[in-house]
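Trainee: I would like to learn how to read contacts between parts of a protein. Could you take me through an example?

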Amino acid sequence: MKKILFIVMLVIPVFFGYAFQWPVSDPVLVTSFGESKFGNFSKGIELQSGSDDVFPIDTGEVVFYRSGDSGGGMPSPLGNFAVVQHERGIYSIYAHLDKVYVPNYLFTAKDKIGTIGTTGLCEGKSLFLILLDGEFKQYINPLLSLPPLLDLKKPRIGHIYFVGENTGDTKKIEVKEGLVLKGGVYSIQVEIKDFNDNAGNYDPTAPFSISLYLNGENRKNIKFESLKLEDGNMVLQNSGDSTYPKLYASPWVYKIGTFDLSPGDTRIELAVKDFEGNESSQIIKITVLE
Amino acid sequence: MSMYKLSFLLILAYIVLLGRPLEREYSLEPGWVSDLRGEGAVSTSEPDGVPFRFSGHFGYFSPQKAVIFHDNILYGTALDRQGFINYSSINSALVLQSPEGMVSGRLEVTGYPYFTSGRRFILNSDGTALSEMNQEGAILWTFRFSSMITDVSASRTSVAVGTLNSGIRMLDTSGTEIFSYKPDFGKINTVYGTALNSDDSSILVISGLEPQKLLLFSKKSSGYRIVYSRNLENEYRFQRQCGFSSDGSFAYFDNGSYLSVLNTVRRQIKEFPVGGTLQHAVIPGLHDLVFTSARIGDVISFSGFGFNGERIFNYTSRGRDSFLTRDTSGIYSGAGEYLFKLDMVKR
């Protein structure tokens, strides 16, 4: 029985293609990739754990690190950290560490690289894990390459607003069933929070994807998969021109896009998924006047 | 000619042709000492204080009258002669204060400030963007990098930024890129250290692994060109301290328990055994000494070297973090709870 279990455990990650292992045991996701953090996109994920030990997500080589003793005069918002280079130009960065252990530069996934801490700009004891694709110069959502977290909670869709762009009325209009409003160009803003089973109801995170349909037509998709610097701005890839100020009205309110609402009945459908595939949707019918 | 006369002429010829002046001797004499324990602010009326920071303390001192203002560091402090920001680890605003401790500005931003070469910068929360602010705290420009910043060095007119994966980028005072270099040797192009001299004519870069190279760029009419390159025997994978002497004739970098000093004209490297982890190096110029502070366990070792490599003086103080600067009248050192001045007398 034990042998079968061992084989199953060995095969599952290979079958599902999890490239990496969790850097901490019993991880609790408290900040998701692309989430609004300190007025910017979070370029990684923030994890809490019952254990302080941090391990590399895969075999690799430490190419840069900073511990209390090794920095110059420049401050380090990432606190104490280590950068591990893996195959295919992937870097994993472990930040806000208390201690950094670099007795050798070559690491396997079993070699402790540090302990979780509070160094640098962070809100509590946590590990900030960043995945950087050095070849394509983009930050990747680490959840894409890590084993799944057990989470059955659906994302919560809160208030939905229209903000007039050329109607002369820039105040927020809450979108409710049966709403009647005059035609024009509106920005659609939606409040979304995703709660994870293991994080309780205290640490919401960003969803993994947001889709908007107008009268059945898919008008906008936002995916928190990767971030890349384009023309001096960090842009959420495959999500339109989503820079931070274009996507976030406030930390939990997303600017889905700007749409020209023509007169007639309009069906607004919003579908939101978290990384584990839990989905919430909301359909609202409104009437647009001349 | 008699034997006596011949001997005299030979001695005279030796003195004229081969003789060298006697080495000057330096002696250190106690100046003043300030105990930084206890309450913070001391005095506010002294103009032009010299900033210091070490061991959880920061403030300003007058070369003649010891400490004129001091306080404890919250999490970090950025300071220059015009003022300081004492910040906590997490912040949503940075408060600018004058050397007397008066609030002079407020900046609604989350990041860590870094003051260097009379300029004021902010690193954003994940260390991938650099902004410059003016004296009042208004953001002048922001430059975002595709990977994290590993080192920053500024002059009055430029700033050189080393990165994890994008080489070195040089920006002008408006944040516009004026030069970039991406190492194409070794197995990684990480920049481990960079320094810019005061007139932007030279850039020192330590970059790469296997090999890790020391590169000296010099400004030519066609832009910056590598004028000196050397594989470093000791490769380190953390930020390496580097800088230039005040007159630009020397560049230096930390090299394990040594300070390595490159003569930028003769392109020769001289090593000075600092004995521990280098914390500060002060190299005024060719006709002065090389001053260093290094940590050896729980002790800070302060040394002065002649350019021939000879250690002229050494003193130690308990502590793990140090401060070191120099002016024409003496050496100002800090370690543990004490800031002290030693008058340096040439004989």
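This is a predicted model: local features need pLDDT of at least 70, side-chain atom pairs count only at pLDDT 80 or more; totals for chains, interfaces and linings use all residues.

Trainee: How many residues of chain A are in contact with chain B?

Mentor: Start by counting residues on each side. Here 40 residues of chain A are in contact with 44 residues of chain B.

Trainee: What area is buried between chain A and chain B, and what share do carbon and sulfur atoms give?

Mentor: About 3400 Å² is buried between chain A and chain B. Carbon and sulfur atoms give 58% of that. Then ask who contributes. A:Phe64, A:Met74 and A:Leu121 supply 20% of the area that chain A buries against chain B, more than any other three residues.

Trainee: Which elements give two or more residues to the side of chain A that touches chain B?

Mentor: They are β3 (40–41), β6 (60–66), β7 (80–85), β8 (90–100) and β20 (233–236) of chain A. β6(A) gives the most, with six residues. Now sort that side of chain A by class. It has 21 nonpolar, 12 polar and seven charged residues.

Trainee: What domains does the assignment give for chain A?

Mentor: The assignment gives domain 1 (2–144) and domain 2 (156–289) of chain A. Their contact takes 23 residues from domain 1 and 24 residues from domain 2. The area buried between these domains of chain A is about 1900 Å², and carbon and sulfur atoms give 64% of it. In domain 1, A:Phe33, A:Ser36 and A:Phe41 lose the most area to domain 2, together 31% of what that side buries.

Trainee: How many salt bridges and polar contacts join domain 1 and domain 2 of chain A?

Mentor: Count each kind separately. Between domain 1 and domain 2 of chain A there are zero salt bridges. There are nine residue pairs in polar contact, both residues at pLDDT 80 or more. On the domain 1 side, β1 (28–31), β3 and β12 (138–140) of chain A each give two or more residues. The largest share, four residues, comes from β1(A). By class, this side has 11 nonpolar, nine polar and three charged residues.

Trainee: Which residue forms a salt bridge with A:Asp241?

Mentor: The partner is A:Lys246, the closest N and O atoms being 2.5 Å apart. A:Asp241 is partly exposed, with a relative accessible area of 47%. For A:Lys246, also partly exposed, the value is 46%.

Trainee: Are B:Arg106 and B:Glu108 buried or exposed?

Mentor: Both are exposed. B:Arg106 forms a salt bridge with B:Glu108, with 2.8 Å between the closest N and O atoms. Salt bridges can also share partners. Here they join A:Glu61, B:Lys187, B:Glu210 and B:Arg237 into one network.

Conventions
Residues are numbered from 1 along each chain as its sequence is written. Chains are lettered from A and ligands numbered from 1 in the order in which they are written. Side-chain values use heavy atoms; hydrogens and water are left out. Contact means heavy atoms within 4.5 Å. Buried area is the accessible area (1.4 Å probe) that two parts lose on being put together, summed over both. Ala, Val, Leu, Ile, Met, Phe, Trp, Tyr, Cys and Pro count as nonpolar, Asp, Glu, Lys and Arg as charged, and the others, Gly among them, as polar. Domain bounds come from an automatic or database domain assignment. A salt bridge is a side-chain nitrogen of Lys or Arg within 4 Å of a carboxyl oxygen of Asp or Glu. A polar contact is a pair of N or O atoms within 3.5 Å; within protein, one must be able to donate a hydrogen and the other to accept it, and residues adjacent in sequence count only if both atoms are side-chain atoms. Buried means under 20% relative accessible area, exposed over 50%, partly exposed in between (1.4 Å probe, protein chains only).
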